[in-house]
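Hi everyone, thanks for coming. Please take a moment with the picture, and then we'll walk through it together.

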Amino acid sequence: SFLAHPAFLAVCAAHFANNWGAYLLLSWLPKYLTSLGATLADGSTLFSTPYAVAIVADNVGGWVADEVLLSRCRLKLLHARKCMQAVAMLVPCGCFLLLCGSTSAGGAAALLAAAIAASSWSHAGYAANILDLAGGDAATAAQMWGVVNTIGTVPGIAANVVTGRVLAAAPTAAAGWVRVFSTGAAT
């Protein structure tokens with residue numbers, strides 16, 4: 001059974017960690033940017049830009065994995081997947097840590113765009129690895145995705161509950177966001 005396979009468990013852990021940040025930002029991005037002075041009227045560009053950048057970055061990530069890492073650098077498929085996943089996890093982690101000290105909505109939006117864009121490279125990392133682990137069997141890949149997405153939904157609930165409680169308990173909004181992004185970086 002694939003459920004106990006170490007590589008499958010690693011995919012589950014990566015999906016959980018990736019989704020913590022993804023759901024956190026989807027749910028709390030407007031509140032965070034408005035806490036830095038953005039208004040809802042002028043903030044629509046700030047709120048949507050990170051996701052527009054991710055559309056481009058996701059496609060660039062596929063090209064980097066296929067053309068650069070596999071074709072030009074001749075990495076093994078597993079090593080290319082690990083490189084892409086490392087970028088997809090380490091860059092957002094660094095951006096979240098930098099967000100702890102951010103004081104401007106524009107600067108924060110740039111860091112958020114970098115975090116979300118880099119996170120999209122996980123599609124050439126753990127997400128594509130499901131197909132490798134399934135050995136080309138579509139039914140097995142579908143079953144794996146079912147389990148992985150079930151596990152990946154947990155942070156969608158937990159990140160929202162934890163963030164709400166952390167912000168409510170923090171002495172200031174800035175202190176709350178430091179805690180929120182530190183937790184996000186840790187996942």
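Let me start with a term: a polar contact is a pair of N or O atoms within 3.5 Å; within protein, one must be able to donate a hydrogen and the other to accept it, and residues adjacent in sequence count only if both atoms are side-chain atoms. By that rule, the side chain of Arg81 makes a polar contact with the side chain of Asp132, at 2.7 Å.

A word on the source: this is a predicted model, where local features need pLDDT of at least 70 and side-chain atom pairs count only at pLDDT 80 or more, while totals for chains, interfaces and linings use all residues. Residues are numbered from 1 along each chain as its sequence is written, and side-chain values use heavy atoms, with hydrogens and water left out.

Back to our pair. Arg81 and Asp132 also meet in a salt bridge (2.7 Å, N to O), that is, a side-chain nitrogen of Lys or Arg within 4 Å of a carboxyl oxygen of Asp or Glu. The pair links distant parts of the chain, with Arg81 in helix H3 and Asp132 in helix H5, 51 residues apart. Helices here are DSSP runs (H or I, at least four residues), numbered from the N terminus.

Is Arg81 buried or exposed? Its relative accessible area is 15%, so Arg81 is buried; the cut-offs are under 20% for buried, over 50% for exposed and partly exposed in between, with a 1.4 Å probe and protein chains only. Asp132, at 31%, is partly exposed.

The whole structure has two salt bridges. The other partners are Arg72 and Glu67 (3.3 Å, N to O). Here Arg72 is exposed at 56%, and Glu67 is partly exposed at 29%.

Now, the pockets. A pocket is an open set of points on a 1 Å grid over the protein atoms alone, where a 1.4 Å probe fits, with protein on both sides within 12 Å along at least five of seven lines; lining residues have an atom within 4 Å of a point.

H1, H3 and H5 (126-133) each supply at least two of its lining residues.

The largest pocket holds about 460 Å³. Among its 23 lining residues, Asn18, Gly21, Ala22, Ala115 and Ser119 are the closest to its centre. Helix H1 gives the most to this lining, with six residues.

Methods: Grid points are joined across faces, edges and corners, and a volume is the space filled by probe spheres set on the points.
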